[in-house]
Amino acid sequence: MLVYLVRRLFQGLIVILGVTIVTFFIPASFHANIARELYGIRAPQSVIDKFNHDNYFDRSIPVQYLHYMNNLLHGNLGVSFNKDASFQSVTSIIGDALFNTLWLVLASLVIALVIAIPLGLFQALKRNTAFDYVATGAVFVIYSTPAFVLGLVLIQVFCIKFHVFPYSPTVSSRTGPFARLIDMFQYPRSYVLPVAVLTGLSVGGFSRFMRGSVLDTLVQDYIRTARAKGASSNRVLFRHAFRNAIIPIVTILGLSLPSLFGGAVITETLFNISGMGTVTVYAVEGNDIAVVMAATLLIAVATVVGNLISDLSVAAIDPRIRLMARK
Amino acid sequence: MTPRNHGDAPDEGLGEGELGPLEVHSEGSIVNPALSGVMRPVRGEFGRLENVEGAEVWETADPVEALPDGFASEADEARPYVKPKGLTAQMFKVFIQNRVAVIFFILLVAITLFSFVGPLFYHTNQTDLAALQQVPNNLPPGAGHPLGTDFQGFDMLGRLMVGGRNSLIVGFLAAGMAMIIGVGYGVFSGYNGGRIDDFLMRILDVLLSIPGLFLVLAAISLFGRNTSMMILVIGLTGWYGVARLLRSEALTLREREYAQAVRSMGGKSRRIIWRHIIPNSISTTVTLATFAIGDSILALAALGFLGFGIQTPSTDWGTILNNGYVALQLNYWWELWPATILFLIVVMSFNYIGDALRDALEVRLRER
């Protein structure tokens, strides 16, 4: 397990390093005139030069990259390129947004799993019955409905028509990384719609996968062996089939993170929640590539960490992975 | 025949004017690579040797896949030689059995016609903002405007056509780009294997961990809302999955007997890739392309919904949805729901048709 852990950590670090190269080079290739844009045409050259010098823009690309990495390791994401933001640091612009988005995504993931795992399991057990067909059809519709269409429908039905749920989530005056998580528990009703939209994005894929995975497991030899030795059908189902069927789901969890974060951008815009999505959209409107790249980097790091956790969980559940890594 | 190293000699195909593999086959000892892969001689749907209904007698053989004369005439003497049903024909047969997929396909064709041919019959002003001053905004459906007008006075029905045309064009072009990059990258990586494969797959890991939407947004903040730029960036962020799947296809296909046969006869890598690996993964590619078009249309709509779509006076479905979202609070339903329904049908069509194609492909494999 330790060998696997170290190797997997190392791989994750390499990927994050690769991501920093992407997020460094995209702005670095185009920011030749950023000082001019910030200070305006009439600014004296000395001011421009000073800005470029302070931000290492007059140095060679490798030095700039090292400077960028050094800043990152000190938790400094650089300076905003937005004229109106008056040289705020990117870190302060993003603030708690990453955590707000994380809580939203995590809440939707938990709910999606709670729905999808039993649903997929029952669909597989009652395969090719009316229940299975109806569930498959419903899941397909949800699966292929884009986040914003689902959001529009939910808002139309539950906010405008019936006033069941408020349109925008209630936000307390709390600050700090856990503020929105506490809000979610304090005002659960106001977070139903945004979480539902994100849940809808992933629940279809998960339950489809779960159904297929259980079906694959049920025909395995060890299931027949378990039945033959006289294990009760509940024991066969939960001890033998379920444990094996759940493994691919854990892998899929990690892989679904990028699309979930993409969906979070839409959801946050739709429901006006402050998070990585709204921060990014606002930065794009202000042509603030520094903030966009910082957001991209943070989301990518979150994705890599999520993948790492899911891979390690798979290794914890499945001894075959651990043994393979030792070879 | 002089043995050749991989990729050393200039590419001219295998043994033109020399003793190529096709001639070798007529001696009956070596399996024709073209036969063992795409085609099987006279094998019916149920694996029996029989004349399959709908199969045509082998007369107009494809010049590329043509058998040497000697072989064909030998077979003719034994029994009437029939061409097996092609891959497309088999897939088509399974596909049309899927009623829902056929319905979605018809809907998709109808919406495409609506978007491209519709404006020829239904003339509306979709470009001149100044002339729209005369038209009342947010007009409910009625005479003259079957679906009302939007917040700028554009006729909604005509707007849907313009938006549909742009969404479909961007979707197709971006998906085409994603497919070319993805297939090229995946096949190259999988065929070469080893260190090259490792390196290319690590790069893919990096790209996969960055949500595409963020990269597209970054491009917009750098270059502005430029339509050709959007096609480029949506294409550039849409090929990762394609590359992964094609890579694993290439990894298995390159070890197949027919690929080995080409290699053992001194055939170049390019020939194996173009004649065997790509044709044999064509069904995966077609399925993936269907999904890719849907995904590209979705990506553009997401941009439009965030307010970064194609700029006025032109438009796309995402932008219409974005504007309609504002109108929703005012109960101007005609500005949102018709566009939503059209868009949803198109996205679901590509999803469902892709699914059906994949099923058709699996059935084909089972029948073999």
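1. Confidence in chain B. This is a predicted model, and chain B has an average pLDDT of 74. A score of at least 70 is reached by 74% of the residues of chain B. Within chain B, the highest confidence is in helix 7 (residues 156-192), with a mean of 91. The lowest is in helix 1 (residues 21-26) of chain B, with a mean of 37.

2. Where pLDDT is low, the predicted coordinates should not be read in detail.

3. Scores for the model. The ipTM is 0.85 and the pTM is 0.79.

4. Make-up of chain B. Chain B contains 16 helices and zero strands. It has 368 residues, of which 41% count as buried. Among the contacts in chain B between residues at least 6 apart in sequence, 70% join residues at least 24 apart.

5. One residue of chain B. Is Leu236(B) buried or partly exposed? Leu236(B) counts as partly exposed because it has 17 C-beta neighbours inside 10 Å, whereas a buried residue needs 20 or more. Leu236(B) belongs to helix 10 (residues 227-236) of chain B.

6. The largest nonpolar core. This core has 155 residues. The members that touch the most others are Val292(A), Ala294(A), Ala295(A), Val216(B), Ala302(B) and Leu321(B). Helix 7 of chain B supplies the largest share of the core, 14 residues. As for Ala294(A), its contacts, apart from neighbours within four places in sequence, are Leu77(A), Gly78(A), Val90(A) and Ile94(A).

7. Where the chains meet. Contacts between the chains involve 36 residues of chain A and 33 residues of chain B. On the side of chain A that touches chain B, two or more residues come from each of helix 1 (2-28), helix 8 (147-161), helix 13 (257-271), helix 14 (276-285) and helix 15 (289-317) of chain A. Which helix of chain A gives the most to this side? Helix 15 of chain A does, with nine residues. Sorted by class, the side of chain A that touches chain B has 25 nonpolar residues, ten polar and one charged.

Definitions and conventions. Residues numbered from 1 in each chain as written. Chains lettered and ligands numbered in written order. Predicted model: local features only at pLDDT ≥ 70, side-chain atom pairs only at ≥ 80, totals over all residues. Helix = DSSP H or I, 4+ residues; strand = E, 2+ residues; numbered from the N terminus. Buried ≥ 20, exposed ≤ 12 C-beta atoms within 10 Å, placed from the backbone. pLDDT = per-residue confidence, 0-100. Contact = placed C-beta atoms within 7 Å. Core = buried A, V, L, I, M, F, W, Y, C linked by C-beta atoms within 7 Å. Nonpolar A, V, L, I, M, F, W, Y, C, P; charged D, E, K, R; others polar.
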